[in-house]
Amino acid sequence: MLEVAKGNGQILRAYGLECNGSSLPAGQVGGDFFEFIPWNERTVFTVIGDVMGKGFQAARLMETIRQILRECIGINPHPLEVVRQLNKLGGYELQKYGSFATLCLLCYDGIARRLTCVNAGHHPPLLLSHGQVKAAECRGVALGLLEDYLGSGIEEFFLAAGDTVVLYTDGVVEACSPGGHRYGLERLKEVVRLQHGVDVDKIKKNILFDLDTFTHGVSQKDDVTLVVLKVTEKAGDKDGD
Amino acid sequence: MEIRIYQKEGMAVLELEGEMDFSNVEQFQQEIQRRPEEVVEVDLQGLRFIDSSGVGMLLSQARYLHRQGRTLRFVRIPGLIREDLELIGFFRVLEALETNSHA
């Protein structure tokens with residue numbers, strides 16, 4: 001397993017996956033976060049989220065949510081139970097400060113190549129397979145807004161070598177051009193569609209480059225967080241996994 | 001962000017123009033809390049952008065008025081902003097507020 005954390009970026013190579021993510025804050029520290037959480041010899045969790053607001057409080061709540069997330073995975077690692085429990089425990093912390101958080105949790109089983117997705121008010125992940133892009137359909141209410149988590153449940157995908165998953169925060173699709181037009185989901189999907197056969201680091205750079213081209217480098221209101229996962233092989237097919 | 005306030009059929013109407021974000025949510029929150037009417041309507045037609053702080057404030061104010069037996073209503077929501085609010089679960093929370101006092 002190779003895990004590298006550098007600045008606002010993180011890389012993971014394990015479980016037959018290559019994972020690469022980074023978070024670019026807009027102005028003061030924001031509430032965007034992502035993390036790869038290796039769980040056991042075949043399972044890794046990936047989470048992306050956005051805590052309401054900016055500044056010290058958002059950053060502190062974000063750290064609290066990440067810590068509680070790990071505890072919830074330890075109690076019961078079923079992804080839906082993780083989000084339900086996180087909404088209870090983390091939701092309580094968020095409500096104390098009149099806040100909420102969006103979150104998308106992925107659980108990847110590298111042996112079965114099964115990707116399980118649960119969503120709490122976050123943009124659903126994009127899946128690129130054989131040059132076709134689709135958005136996951138799982139939906140749910142953001143953490144901290146309701147006493148009990150309410151959502152469409154888990155969504156599962158069986159992935160093949162070369163399949164790619166892209167997670168992002170609203171700072172990507174809501175970024176604006178100088179003329180006030182939104183970057184939008186359709187443009188993101190089109191850029192992702194063109195990344196068939198490209199490695200994860202380059203995919204991430206290509207998306208960020210296209211975003212920068214669209215916005216003409218104008219500073220944006222929201223953080224931009226982008227995470228790319230790509231299936232390279234079945235976990236255990238090669239030494240080092 | 002510009003806020004225009006007027007009365008219509010006994011309720012207060014707050015029309016928003018511009019962008020609502022972390023830097024100006026308190027201004028709008030104060031305007032809502034200043035209103036004595038039983039129903040306060042927020043007209044979002046002129047809203048071009050809302051961040052998570054804005055969404056959180058609108059929901060907290062909907063709860064605040066609900067606890068007082070009053071109503072905060074959102075009308076003329078632009079399409080893209082409606083999509084953003086739907087994704088977060090904004091309307092599910094408002095529905096829950098109507099049926100469940102714990103929402």
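1. A residue is called buried here if its relative accessible area is under 20%, exposed if over 50%, and partly exposed in between. The model is predicted. With a relative accessible area of 13%, Phe74(B) is therefore buried. Phe90(B) is buried as well, because its relative accessibility is 0%.

2. These two residues also form an aromatic pair. The ring centres of Phe74(B) and Phe90(B) are 5.3 Å apart and the planes stand at 65°, so the arrangement is edge-to-face. Phe74(B) belongs to strand β4 (residues 71-75) of chain B, whereas Phe90(B) belongs to helix α4 (residues 90-99) of chain B; the pair therefore ties together parts that are 16 residues apart in sequence. Ring pairs extend this arrangement to a cluster of Phe74(B), Phe90(B) and Phe91(B).

3. How many aromatic pairs are found over all chains? The search of the whole structure gives five. One of them joins Trp39(A) and Phe45(A), with 6.4 Å from centre to centre and 80° between the planes, an edge-to-face pair.

4. In it, 21 residues of chain B meet 22 residues of chain A. The size of an interface is often expressed as the accessible area that is lost when the parts come together. For chain B and chain A this buried area is about 1,800 Å², and carbon and sulfur atoms give 62% of it.

5. Which polar and charged interactions cross this interface? Four residue pairs are in polar contact between chain B and chain A, counting pairs with both residues at pLDDT 80 or more. The rule finds one salt bridge across the interface. In that salt bridge the side chains of Asp84(B) and Arg182(A) meet, at 2.5 Å from N to O. On the side of chain B that touches chain A, at least two residues each are supplied by β3 (39-50), α2 (52-67), α3 (79-88) and α4 of chain B. The largest share, six residues, comes from α2(B). By class, this side of chain B has eleven nonpolar, five polar and five charged residues.

6. Over all chains, the count of salt bridges comes to 24. One of them is formed by Arg66(A) and Glu35(A), whose closest N and O atoms are 3.1 Å apart. This pair links distant parts of the chain, with Arg66(A) in helix α1 (residues 55-75) of chain A and Glu35(A) in strand β4 (residues 30-38) of chain A, 31 residues apart. Both Arg66(A) and Glu35(A) are buried. They also take part in a network of salt bridges that links Glu35(A), Glu63(A), Arg66(A) and Arg70(A).

7. A further salt bridge joins Asp223(A) to Lys54(A), with 3.2 Å between the closest N and O atoms. Asp223(A) is placed in the loop between α5 (200-215) and β12 (224-231) of chain A, and Lys54(A) in strand β5 (residues 43-54) of chain A, so the pair ties together parts that are 169 residues apart in sequence. Asp223(A) and Lys54(A) are both buried.

8. The closest N and O atoms of Glu156(A) and Arg114(A) are 3.8 Å apart. Glu156(A) lies in strand β10 (residues 155-158) of chain A and Arg114(A) in strand β7 (residues 114-120) of chain A, so that distant parts of the chain, 42 residues apart, are linked.

9. The last point concerns Leu167(A), which is found in strand β11 (residues 164-168) of chain A. Leu167(A) counts as buried, because its relative accessibility is 0%. Residues up to four places away in sequence left aside, Leu167(A) touches Thr46(A), Ile48(A), Cys104(A), Leu106(A), Pro125(A), Thr225(A), Leu226(A), Val227(A) and Leu229(A). The C-alpha atoms of Leu167(A) and Glu93(A), 74 residues apart along the chain, are separated by 25 Å.

Key. Residues numbered from 1 in each chain as written. Chains lettered and ligands numbered in written order. Predicted model: local features only at pLDDT ≥ 70, side-chain atom pairs only at ≥ 80, totals over all residues. Heavy atoms only, no water. Phe/Tyr/Trp six-rings, centres within 6.5 Å; stacked < 30°, edge-to-face > 60°. Helix = DSSP H or I, 4+ residues; strand = E, 2+ residues; numbered from the N terminus. Buried < 20%, exposed > 50% of the residue type's maximum accessible area, 1.4 Å probe, protein only. Contact = heavy atoms within 4.5 Å. Buried area = accessible area lost by both parts, 1.4 Å probe. Salt bridge = Lys/Arg side-chain N within 4 Å of Asp/Glu carboxyl O. Polar contact = N/O pair within 3.5 Å; in protein donor to acceptor, adjacent residues only side chain to side chain. Nonpolar A, V, L, I, M, F, W, Y, C, P; charged D, E, K, R; others polar.
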